[in-house]
Amino acid sequence: MFIIGTGTATPPQRYTQIDCWNTVQRCPAYEKLNGRSKAILKKVLTGENGITTRHFALEKLEEAFEINPDALHARFIENAPALATTAAQRALAQSKINPQEIDAVLISTCTGYLCPGLTSYAVERLGLRPDVLTLDLVGQGCGAAIPNLDAARALLTAGCERALSICVEVCSAAFYLDDDAGVLISACLFGDGAGAAVLSPMANGGRRVEWKSSGSLMKPADRDALRFEQKSGMLRNILTPQVPSLAAQSVGALFDETVARAGVAREQINGWIFHPGGRDVLLALRERFQLSGDDVRWSQAVLRDYGNMSSPSVLFALQGALADSAPGGVWWMSSFGAGFSCYGVLLHVE
């Protein structure tokens, strides 16, 4: 399987972390927080956490703290289809594939629920064939991009000629403020965006990005370290301090298993594409793999400019590396998230 086109999209509204700090202090929900919680918000939003700006599907930043089920669902249903469509259009344009040539479309999200799912909107807005195979994938959190791509790979193996893989998250539709530190930090880290890729059994003349070998690792015992829960009819992110070490341990173990199975040596890896889950996550991964800041510069750039967008983030990092003419050869791409789950793939890039 080859990735023959990628595309990304964010809402046009971009806000700095200082913008967020200045705004949250004026919100009624802020006044209900205890002193420790207010200190956490100030530290994360005004300190050095690797994030400079984030994009939100909000006309005014104050809307981020309209925390009621109807407002949050309306934010998701208005913006998720639009972001998914824009990212897909850009991926299709890069791949030089006509939408009518797409045989399957797979969309992953965890920040909202629609029935019919987002694929219904994508089929309509992209002008896909009415007989296209559609799969809506939910519940995989930040790690969803790679299993989405892997499912598309299976469909190509089964006879599909072209597949469209999309990840879209409106994280601002799951913001929450209370005195739980993980919930507060989540509100300071996440942003909105979508990423897409067009997949084919054949390369298309552009830079060849071939899927070679993949793997996954699930740790149900660590499920409560990172997950969504429902509270008062709203999604509420659970984020614990164990996540950076869990990510480093899990990605490390999965990498060792995958390269051994593929017969690839650690020294052969020329590119490192990680889900930019946060500053401490990237630092833990750098330590585990003995990498420099330059080695993970594409993931760091995504975190800096967009924050953690959940599932699309790793596709942003991949697109950045390809656009930056990163050295060819074998690349390792990994995503991870709720579950605790971890996914990885070896790509051969020319």
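Predicted model: local features only at pLDDT ≥ 70, side-chain atom pairs only at ≥ 80, totals over all residues.
User: Which elements give two or more residues to the lining of the second largest pocket?
Analyst: By residue type, that lining splits into 20 nonpolar, twelve polar and one charged. As for the elements giving two or more residues, they are α4 (69-95), α7, β9 (226-231) and β10 (234-239).

User: And the largest pocket: which element supplies the largest share of its lining?
Analyst: The largest pocket has a volume of about 650 Å³. Of its 27 lining residues, Ile-185, Leu-189, Leu-239, Pro-244 and Asp-280 sit closest to the centre. At least two residues each come from α3 (35-46), α7 (181-189), α8 (243-262), α9 (279-289) and β12 (329-337). The largest share, four residues, is from α7.

User: Is Asp-280 buried, partly exposed or exposed?
Analyst: Asp-280 forms a salt bridge with Arg-279, with the closest N and O atoms 3.0 Å apart. Arg-279 has 37% relative accessibility, so it counts as partly exposed. Buried would need under 20% and exposed over 50%. Asp-280 is at 39%, so it is partly exposed.

User: How many residues apart are Glu-350 and Arg-208?
Analyst: Their side chains meet in a salt bridge, 3.3 Å from N to O. Glu-350 is in the segment after β13 (341-349), while Arg-208 is in the loop between β7 (193-200) and β8 (209-218). So the pair links distant parts of the chain, and the separation is 142 residues.

User: What is the relative accessible area of Asp-324, the salt-bridge partner of Arg-297?
Analyst: Arg-297 and Asp-324 pair up with their closest N and O atoms 3.6 Å apart. Arg-297 is in helix α10 (residues 297-306) and Asp-324 in the loop between α11 (313-323) and β12, so the bridge ties together parts 27 residues apart in sequence. Arg-297 is partly exposed at 28%. Asp-324 is partly exposed too, with a relative accessible area of 42%.

User: Which residues do salt bridges with shared partners join into one network?
Analyst: The structure holds 16 salt bridges. Those that share partners make one network out of Asp-103, Arg-129 and Asp-131.

How values were computed:
Residues numbered from 1 in each chain as written. Heavy atoms only, no water. 1 Å grid on protein atoms, 1.4 Å probe; cavity = no way out; pocket = protein on both sides within 12 Å on 5 of 7 lines; lining within 4 Å. Points joined across faces, edges and corners; volume = space filled by probe spheres on them. Nonpolar A, V, L, I, M, F, W, Y, C, P; charged D, E, K, R; others polar. Salt bridge = Lys/Arg side-chain N within 4 Å of Asp/Glu carboxyl O. Buried < 20%, exposed > 50% of the residue type's maximum accessible area, 1.4 Å probe, protein only.
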